[in-house]
Amino acid sequence: MVRSRPNMLETSTSTSASSSSSSPERAAYDDDTDFFTAQRNDSESSIGVASLRDMTMSPSREREYRVSPISRLPPELLIGVFTKLSSSMDLRSCMLVSKTWSRNSVDLLWHRPLCNTWQNLESVIKSIREPGGYYPYHALVKRLNLSNLNDRVNNGTVKPFMHCNRIERLTLTGCVQLTDEGVCSLIYGSRSLLALDITGLNSTTDHTLRAVSENCGRLQGLNITDCSKVTDDSLVEVAEHCHFLKRLKLNNCSLVTDESIMAVAHHCPYMLEIDLHNCRQISNVSITALISHGRQLRELRVGHCHLLTDAAFLDLPKNLTFESLRILDLTACHHLHDEAVERIIETSPRLRNLVLAKCREITDRSVIAITKLGKNLHYIHLGHCAQITDTAVVQLVKMCNRIRYIDLACCHRLTDQSVKQLATLPKLRRIGLVKCQSITDRSILALAKATTVDPRPKPLTQSLLERVHLSYCINLTLQGIHALLNQCPKLTHLSLTGVQAFYLREDLISFCREAPPGTFSFTKVRDRMVADKKTEFTEHQRHVFCVFSGEGVNRLRNYLNESPETLYDTEGTMYDDRDGEDMDTDHQVAGLMHATGLNDDDDDDMDEVDGGDGSQYELEGER
């Protein structure tokens, strides 16, 4: 019996139909699919492909396919090729090759239109407004970012985008001329909106957030930093209607109270990150609820929430651990004591980044508790925790040998013993020792030496240090810093403000950064926690300013290496063997601080100007 040969056209058609049913285009617009979290590269959720049904070949097309093998690729593979093109001009050229290429590259070009200049913005608006266009461009825009033009964007600017109702990410950071009217025009009908950033729009009110709660039920990220007019009324509505909320930033929202945070804790079970920096009306009950109900919570930042006490953590449910919590920032929570820190470590054994800066009541007891985090700990900030001693730091290093960043600014009880131990950390990249006046060149030489990864005999590894902050460590000399520069090739930042061996040398100052102006204000940029007050920078402070960054570090290193014998007395030793009892260190420090008008309360501001990390941090571990 002769078996009939299948009809090739029917096979092609059936294959096309089945492929189209599972194509990214259908999935991208399926309201039941959450591509924001389902895909590693969430930008793919904004890219659609043409149906294979449209690719049925005519005789002329068959001839084209024989000439151009790439044209036989299915749309999914074509898009995969086009995604490798980083230039928008290259994508535009692809659109002009053929209808097939055009259909499969237009989404890539338009899902995030480039609006970094006013000219580009005008071009985008013109295409969106043009009637009878080849494609419905307004429906292709999935990400809109106008932050690069923040000083020029107003309500009229965003009006042409009001019909772009498939936007998934809307970024309006710093567009201070926008009001509720302009923002709401973009939000109305935006059922696909997943992330909204209106940082710095201090004219926005509850009206904007009510529009969010009514239209954006799939919202996952909301950043209203510095939106000081927003109150609990609208935030409660957002919490009640946006149950998929995962990231919430309320920095400097001074009117926010426990009412809205409790609503978030009870109605948003998928919360991953919440930032309440400087929300000063937040109290213990909110923090306890957030941690207790947020079993997936990874990041909690409550810096400068001065109402918090030990009870916020001591009242956590017994016999429960919160394995997901990785980052906890408690900057300037002045009422925290050792008992609270011990409870934090007990309930969150996998903390990776812990910030206790300006928690002045904690002692060595807290640091010993922190050692239980072991290899999980990568980042630790203990600035202004002045009761900490060498004993605790030595134990911390022994138990937590994967620390990448440590800040011990103003821990005046620490000596060379602590720094020598810190120098053995094999992964250490950044260290802050601002105003640790007891350290000497012994500490610097220890940091300069390459360390072994483990006790077994092995070749010495190259130092990984990138940023070192030694401002106001008045006992340091040029010889010690020279050794540090030569042994740390990855060093990109070195702060030596107030170190006489440097700021009094005109030849060395020529390589440092320019001192900041006399009067300036500090702002918050992304995750950098910068003082928000105006500060007078006196002439004395400008005079002792000495910070080397980037190329300045390399130039300083090269200069010192050219003729070291002419720079300092080579017959002397880098340090003497005296313990320092004969040195009136306290008197020298007091004199320097008086001359520069500095005290411990000014240190955060100084660290920012100094380029220090006293009140900022970068996360180098996994999020």
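How many of the ten residues of helix 22 are buried?

A: Eight of the ten residues of helix 22 are buried, so this helix is mostly covered (buried means under 20% relative accessible area, exposed over 50%, and partly exposed in between, with a 1.4 Å probe and protein chains only). This is a predicted model in which local features need pLDDT of at least 70 and side-chain atom pairs count only at pLDDT 80 or more, whereas totals for chains, interfaces and linings use all residues. Residues are numbered from 1 along each chain as its sequence is written, and side-chain values use heavy atoms, with hydrogens and water left out.

The buried residues of helix 22 are Leu478, Gln479, Gly480, Ile481, His482, Ala483, Leu484 and Leu485. Helices (H or I, at least four residues) and strands (E, at least two) are DSSP runs, numbered from the N terminus.

Helix 21 (residues 441–448) and helix 22 (residues 478–487) pack with their axes 8 Å apart and at an angle of about 10 degrees (axes are lines fitted to C-alpha atoms, for helices over the stretch in contact, and angles run from 0 to 180 degrees between N-to-C directions). Helix 21 is therefore roughly parallel to helix 22, a label for angles under 35 degrees, with over 145 counted as roughly antiparallel, 65 to 115 as roughly perpendicular and the rest as oblique. On the helix 21 side, Asp441, Ile444, Leu445, Leu447 and Ala448 make the contact, and Gly480, Ile481, Ala483, Leu484 and Gln487 make it from helix 22 (contact means heavy atoms within 4.5 Å). By class, this contact of helix 21 with helix 22 has seven nonpolar, two polar and one charged residues; Ala, Val, Leu, Ile, Met, Phe, Trp, Tyr, Cys and Pro count as nonpolar, Asp, Glu, Lys and Arg as charged, and the others, Gly among them, as polar.

Leu470 and Ile287 touch the most other members of the largest nonpolar core, which has 156 residues (a nonpolar core is a set of buried Ala, Val, Leu, Ile, Met, Phe, Trp, Tyr and Cys residues joined through side-chain atoms within 4.5 Å). Helix 7 (residues 99–110) gives the most to this core, with five residues. In soluble globular proteins, nonpolar side chains tend to be buried together.

Asp258, Ile261, Met262, Val264, Ala265 and His266 of helix 14 meet Val285, Ser286, Ala289, Leu290 and His293 of helix 15. The classes in this contact of helix 14 with helix 15 are seven nonpolar, three polar and one charged residues. The buried residues of helix 14 are Asp258, Ser260, Ile261, Ala263, Val264 and Ala265. They pack against helix 13 (232–241), strand 5 (247–249), strand 6 (273–275) and helix 15. His267 also lies in helix 14, and at 30% relative accessibility it counts as partly exposed. Beyond four places in sequence, His267 is in contact with Ala239, Glu240 and His243.

The loop between strand 5 and helix 14 holds Asn252, whose phi is near 65 degrees, a positive value in a residue other than glycine. At 16% relative accessibility, Asn252 counts as buried.

These parts belong to a protein chain with 28 helices and 17 strands. Buried residues make up 53% of its 623 residues. Of the contacts between residues at least 6 apart in sequence, 79% join residues at least 24 apart. The chain exposes about 28,900 Å², of which carbon and sulfur atoms supply 50%; accessible areas come from the Shrake-Rupley method with a 1.4 Å probe, and for residues only the protein chains shown count as cover.
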